[in-house]
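Please keep the structure in view while reading.

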Amino acid sequence: MNSSTTAFDNIYYKMLMQGQSLFSTDQALLATPSTKKLVAKYASSMEEYERAFVKSMIKMSSISGNGNEVRLNCRRVR
C-alpha cells in the first residue's frame, strides 16, 4: 500500500489496521473496542472517513475560545 502526501485519503487508518503506525500512541487506538471500530470503519470506507472529517471541521470552526486565545496564525502567538 502506497501512502500519498498529495492526496486526501484514509491510508493512515489502513496502515493502523495492518500494525504499521508511526507512533505507539496511534496503535493504541486499536486497544479499545469503540476506537478500534472507528479505525476499521474509516479504513474500509473513504466515504465514511470524509463524512466524519467534514463533520469535525465544521464542529471545530465553531470554537470561540471563551475569552482564550484562538490563533488566527498558528505560527505565532500574539
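## Fold

Along the sequence, the elements run α-α-α-α. That gives 4 helices and 0 strands. The model is predicted.

The protein has 78 residues, and 15% of them count as buried. Its accessible surface is about 6600 Å². Carbon and sulfur atoms hold 55% of that surface. Take the contacts between residues at least 6 apart in sequence: 33% of them join residues at least 24 apart.

## Largest pocket

Which residues line the largest pocket? The lining consists of Y13, L29, T35, L38, V39, Y42, Y49, A52 and F53. The volume of this pocket is about 160 Å³.

Two helices, α3 (33-44) and α4 (46-61), each supply at least two lining residues. The most comes from α3, with 4 residues. By residue class, the lining holds 8 nonpolar residues, 1 polar residue and no charged ones.

## Salt bridges

How many salt bridges does a search of the whole structure find? The search returns 2. Side chains of opposite charge can pair when their charged atoms come close.

K41 is partly exposed, at 36% relative accessible area. E48 is also partly exposed, at 26%.

The other pair is E48 and R51, whose side chains meet at 2.9 Å, N to O. Why are E48 and R51 separated by about one helical turn? Because they sit 3 residues apart in helix α4. R51 counts as exposed, because its relative accessible area is 52% and the exposed class begins over 50%. Through shared partners, the salt bridges join K41, E48 and R51 into one network.

## The loop between α1 and α2

Where is L22 placed? L22 lies in the loop between α1 (11-17) and α2 (24-27). Is L22 buried or exposed? L22 is exposed, because its relative accessible area reaches 77%, against a threshold of over 50%.

The distance from L22 to Y12 can be given in two ways. In sequence, L22 and Y12 are 10 residues apart. In space, their C-alpha atoms are 9.5 Å apart.

## Summary

The predicted model has 4 helices and 0 strands. Its largest pocket is lined by 8 nonpolar residues and 1 polar residue, with α3 giving the most. The 2 salt bridges found share partners and tie K41, E48 and R51 into one network. In the loop between α1 and α2, L22 is exposed.

Notes
Residues are numbered from 1 along each chain as its sequence is written. This is a predicted model: local features need pLDDT of at least 70, side-chain atom pairs count only at pLDDT 80 or more; totals for chains, interfaces and linings use all residues. Side-chain values use heavy atoms; hydrogens and water are left out. Buried means under 20% relative accessible area, exposed over 50%, partly exposed in between (1.4 Å probe, protein chains only). Contact means heavy atoms within 4.5 Å. Accessible areas come from the Shrake-Rupley method with a 1.4 Å probe; for residues, only the protein chains shown count as cover. On a 1 Å grid over the protein atoms alone, a cavity is a set of points where a 1.4 Å probe fits but cannot get out, and a pocket is an open set with protein on both sides within 12 Å along at least five of seven lines; lining residues have an atom within 4 Å of a point. Grid points are joined across faces, edges and corners, and a volume is the space filled by probe spheres set on the points. Ala, Val, Leu, Ile, Met, Phe, Trp, Tyr, Cys and Pro count as nonpolar, Asp, Glu, Lys and Arg as charged, and the others, Gly among them, as polar. A salt bridge is a side-chain nitrogen of Lys or Arg within 4 Å of a carboxyl oxygen of Asp or Glu.
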